[in-house]
Amino acid sequence: MATVTSYGAAQCVTGSCHLVKIDSIKILIDCGMFQGNGNEERNYEAFEFDPFKVNYLILTHAHLDHIGRVPKLIKDGFNGRIIATKATRDIAKVMLLDSANILQEEYKTLRRKARRRGEEETVLEPLYTKEDVDRVFEKKWCTLEYFEEHKLKHHIKVTLANAGHIMGSAFVILDYQEQNRHKRIIFSGDLGSPQRLIIDSADNIDQADALFIESTYGDRQHKPLEQSIAEFKEAVRTTLQQNGNVIIPSFALERTQEILWLLHEMHDNGELPKCRVFLDSPLAIKATKLYNRYPIHLSDTLEYAPGSGGDPFSFAWLETTTTRDQSMAINKTKERCIIIAGSGMCNGGRIMHHLKHRLWNAKNAVVFVGYQVHGTLGRSIVDGEKMIKIYGEEIAVKAKVYTINGFSAHADQKELIEWMRPIEGLKNIYLIHGEVEKMEVFASVIQGELGQEAKIMEYAKPLKL
């Protein structure tokens, strides 16, 4: 008998963590951070299962909401095998080391402020350190190619297939025997839209008994990619032609590389007004190098560019800034520049510094190209707040704000339905990784389109399959 218990991404978008028990074997699908909506404190809580008794950890991809608590999992006793694609393993190392550095810096800041209040003992130690991250990669890893079957203990097999979300992303196929009958469970991870700029679209699957599917955009359809590209180009051109600056809060993985590719094309085609372009994110710079390391994961348009001596993510006007001094020096450029920086939801990172210095100027523009979780600064700006607080200072939001959602790395409602439609034998559909109201809409659409009931997973409630 198989059971599934969701300890994250159950009626929320972040903290992905799903424990599968097949007979005596325990398999954890992802172990991500909770983000936004004041959920960060949940990351410090004890796991509601015994990490030592988990046999396998399967990582769908290297976003922090899917891998961000892996070092804590190991600190708390996990000693099993970690399974992922090779690209996910390499990207995860970069992401987790960066996360550890941020946690350490936040700890120092909070401790310094608490000391002045005489409350130093109330500050929690960092969730993990760089040394804890190193221990993650000292564990036994099994890296799989797409559709390479890997046998676990007894009669259980795992297969990873391309989820089309970010480089190396996968959905998980678990095959096992139950009372001499073949059973298959699929965890979608985060599914990408088939309209992607730089990587191939998700693989299809023809059969499953149970599907656990993300529902981030289960309530809507994205704008066509071509329309979003046109909007992006127009926002950039208009702002630069008015001698303004373009600030792009961007996620280090996938979104930054897509934006660099678009700007590269605009530059080569003569569509980009003369300007300076800054990639002000050490993490994104490292991630972009990894994208060049795995050209096989790129779309056909980009795959062969590195082999011919070119770099699809670089062009003459691009400047990369790794040090803090280099980042601060961007302030000297008063007009006609593009600044790409993290974090993508404006809840930390160098983007905060740039927003503080440029958000109040009506000549400038902020271009959001990614999802903004409730409770983040990015969501406040998108929702039309007139004043926001950055580093304790009230800043007027006078820059023009663009929200371009067609770049989403998540499939929309229609795309999710079309990915599910060919799956035969599907008896049970469970919705994860979404806000409740969106899941309810998605469940209704699934019923209408596929004639099947979809259930919304509840937090920490075991489900028998």
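In this predicted model, helix α5 (residues 225-241) packs against helix α6 (residues 255-268) at an angle of about 65 degrees, and their axes lie 12 Å apart. The two helices are therefore roughly perpendicular to each other. Their crossing is right-handed. From α5, the residues Ile229, Phe232, Lys233, Val236 and Arg237 take part in the contact, and they meet Ile259, Leu262, Leu263 and Met266 of α6. Sorted by class, this contact comprises seven nonpolar residues and two charged residues, with no polar residue.

Aspartate 268 belongs to helix α6. The residue is exposed, because its relative accessible area is 51% and the cut-off for that class is over 50%. Aspartate 268 is 48 residues away from alanine 316 in sequence, while the C-alpha atoms of the two are 9.5 Å apart. Asparagine 243 sits in the loop between α5 and β12.

Isoleucine 247 has valine 366 of β16 as its bridge partner. Strand β16 (residues 365-368) sends Ala365 and Val367 one way and Val366 and Phe368 the other way; all of these residues are buried. With strand β19 (residues 400-403), β16 forms a parallel pairing over four bridges. Here the bridge partner of alanine 365 is lysine 400 in β19.

**Two open sheets**

Strands of a sheet pair through backbone hydrogen bonds, in either a parallel or an antiparallel sense. Isoleucine 29 has isoleucine 58 in β4 as its bridge partner.

Another open sheet has seven strands in the order β7-β8-β9-β10-β11-β20-β21, and its pairing is also mixed. At the edges stand β7 (150-151) and β21 (454-456); each has a single partner strand, so one side of each lacks a neighbour in the sheet. The partner of β21 is β20 (residues 428-432), and these two strands pair in the parallel sense over three bridges. Leucine 431 stands opposite isoleucine 456 in β21.

Two helices pack on this sheet. Helix α12 (residues 413-420) touches β9 (170-178), β10 (181-187), β11 (210-214) and β20, and its direction makes about 160 degrees with that of β11. Helix α13 (residues 436-450) touches β11, β20 and β21, and its direction makes about 155 degrees with that of β20.

How many of the eight residues of α12 are buried? Six of them are, so the helix is largely enclosed by the rest of the structure. The buried residues are Gln413, Glu415, Leu416, Ile417, Trp419 and Met420. Their cover includes β9, β10, β11, β20 and α13.

**Individual residues**

Isoleucine 432 is located in strand β20. Leaving aside residues up to four places away in sequence, isoleucine 432 touches Ser6, Ala9, His18, Phe212, Ile213, Glu214, Ser215, Met439 and Met457. The C-alpha atoms of isoleucine 432 and glutamate 125 are separated by 31 Å, and the two residues are 307 places apart along the chain.

Glutamine 179 lies in the loop between β9 and β10. Although not a glycine, glutamine 179 has a positive phi of about 50 degrees. Asparagine 243, likewise a residue other than glycine, has a positive phi near 60 degrees.

The relative accessible areas of the residues discussed above are listed here.

| Residue | Relative accessible area | Class |
|---|---|---|
| Isoleucine 432 | 5% | buried |
| Asparagine 243 | 30% | partly exposed |
| Aspartate 268 | 51% | exposed |
| Glutamine 179 | 72% | exposed |

A further backbone feature occurs between glycine 342 and serine 343, which are joined by a cis peptide bond with omega of about 10 degrees. Serine 343 belongs to the loop between β15 (337-341) and α10 (351-358).

How values were computed. Residues numbered from 1 in each chain as written. Predicted model: local features only at pLDDT ≥ 70, side-chain atom pairs only at ≥ 80, totals over all residues. Heavy atoms only, no water. Axes fitted to C-alpha atoms, helices over the stretch in contact; angles between N-to-C directions. Parallel < 35°, antiparallel > 145°, perpendicular 65-115°, else oblique. Left-handed = near helix turned anticlockwise from the far one by under 90°. Contact = heavy atoms within 4.5 Å. Nonpolar A, V, L, I, M, F, W, Y, C, P; charged D, E, K, R; others polar. Buried < 20%, exposed > 50% of the residue type's maximum accessible area, 1.4 Å probe, protein only. Pairing = 2+ DSSP bridges.
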